[in-house]
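Have the viewer open and follow along.

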Amino acid sequence: MNEEMAFTMTFSRKKLKTNPISSLLSSGNPAIEYYTRRDLLDENTGREEDLWELPAALRILRKQMDDGFWKYPGKISGDLRSREDYNQVETYRVFGELICKYGLNKNHPQIRKAAEFFFSCQTLEGDFRGIYGNQYTTTYSPAIMELLIKAGYGNDHRVKKGFQWLFSMTQDDGGWVIPFRTSGMKIKEALLASAPELPDRSRPFSHLVTGMVLRALAAHPEYLKSEVTRKTAKILAIRLFQADKYPDRRGKEYWERVSYPFWFTDIISAMDSLSIIGLSRENPYIKEGLDFLIHKQNDEGLFDLKIVRGSDKDLKYWICLAICRILKRYGFKLENK
């Protein structure tokens, strides 16, 4: 028996406690049912555009401002960030909801308006500036790019310029960091600085940042197949469940604090990218990630992870759907029984 066959037999004995399909289909959310049938059961589900007319999507769209952004609803601290910077964060949040939960894309006029708002925040260097004041945003820039790509802007020259900027910011070890963190600068000091801090390239990469860059790479049909993407996937996998090298979300516990749509790097967002890229299930770090997710399933078929963002009552189902997409890519059989 060769090594590949032996591993496959071992892996095939890893079973879910409960079939999650019935829980997803009984969620009462038509968007979750649509994606469950399309992505997990391979059924012909009709037009994704029909989701655009769901009341939840329309409520979000009604709040868009004339300039394409969504206004940050909370109290702001004007001495650190401007109203415009907060609005950029809120627009990123809302844009993700529309694209990841309701399938909107650039064929919708309000998505085009939102995209142009984001591009108005792009600098001549190629990054999307403002959320960290004048500092480089190696986290939010690729996260915004990921959503723009999913919305149909993958071939837009402005997205390609964003990738060129990202590649210019790579650390010596092949990953990415928040540049001002490599000099030990504190967040308040960084936000008040008049110019962006360049990274110390010799410092180790941050998995928080590298995971967010990897999402953009995995979303792009061209970069998905590149060697740089494969290398990035391998170094991120090594860091699963490890503490980060920098203060932001440093603790190991942040791997288990998840959100949907994806925000920062957690076990689901990381495993999603790694499974799309096709990092082998023979990889011991991938096996560890899969074992962890399987262990977290409860009797209801859902997954016991700490959800840290959003007030959507159906977030537990969206998290389950995201995990099931990962499991299906790694050979788990999911059926409607």
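What follows covers a helix, some aromatic rings and a few charged pairs.

First, the ground rules: this is a predicted model, in which local features need pLDDT of at least 70 and side-chain atom pairs count only at pLDDT 80 or more, while totals for chains, interfaces and linings use all residues. Residues are numbered from 1 along each chain as its sequence is written, and side-chain values use heavy atoms, with hydrogens and water left out.

**Helix H12**

Let's start with helix H12, residues 267-277. Helices here are DSSP runs (H or I, at least four residues), strands are runs of E (at least two), and both are numbered from the N terminus. How many of the eleven residues in H12 are buried? Ten of them are, which leaves the helix mostly covered. "Buried" is under 20% relative accessible area, "exposed" is over 50%, and "partly exposed" is in between (1.4 Å probe, protein chains only). Among the buried ones are Ile267, Met271, Asp272, Leu274 and Ile277.

And what do the buried residues of H12 pack against? Their partners are helices H10 (207-219), H11 (227-238), H13 (284-295) and H14 (315-329), plus strand S1 (257-258); contact is taken as heavy atoms within 4.5 Å.

Both ends of the helix deserve a look. At the start of H12, a side-chain oxygen of Asp266 comes within 2.9 Å of the backbone nitrogen of Ile268. Just after H12, Gly278 has a positive phi of about 95°.

**Aromatic rings**

Next, the rings. Phe, Tyr and Trp (its six-membered ring) pair if their centres lie within 6.5 Å; planes under 30 degrees apart are stacked, over 60 edge-to-face, and the rest tilted. By this rule there are 23 aromatic pairs. One of them is Tyr34 with Tyr35: their centres are 5.2 Å apart and their planes sit at 90°, so the pair is edge-to-face. Tyr34 is buried at 9% relative accessibility, and Tyr35 is buried at 2%.

Phe95 and Phe118 are edge-to-face as well, with 5.2 Å centre to centre and 70° between the planes. This pair links distant parts of the chain, with Phe95 in helix H5 (residues 83-102) and Phe118 in helix H6 (residues 109-120), 23 residues apart. Phe95 and Phe118 are both buried.

There's also one aromatic cluster, made of Tyr92, Tyr132, Tyr140, Phe180, Trp263 and Phe264.

Some rings have a charge over them (NZ of Lys or CZ of Arg within 6 Å of the ring centre and within 35 degrees of the ring normal). Arg239 lies over the face of Phe205, 3.8 Å from the ring centre, and Arg257 lies over Tyr254 at 5.0 Å.

**Salt bridges**

The structure holds 22 salt bridges, each a side-chain nitrogen of Lys or Arg within 4 Å of a carboxyl oxygen of Asp or Glu. Here are some of them.

| Lys17 | Asp299 | 4.0 Å |

Arg329 is partly exposed at 37% relative accessibility, whereas Asp272 is buried at 10%.

Finally, salt bridges that share partners join Arg38, Asp39, Glu48 and Arg325 into one network.

Definitions and conventions. Polar contact = N/O pair within 3.5 Å; in protein donor to acceptor, adjacent residues only side chain to side chain.
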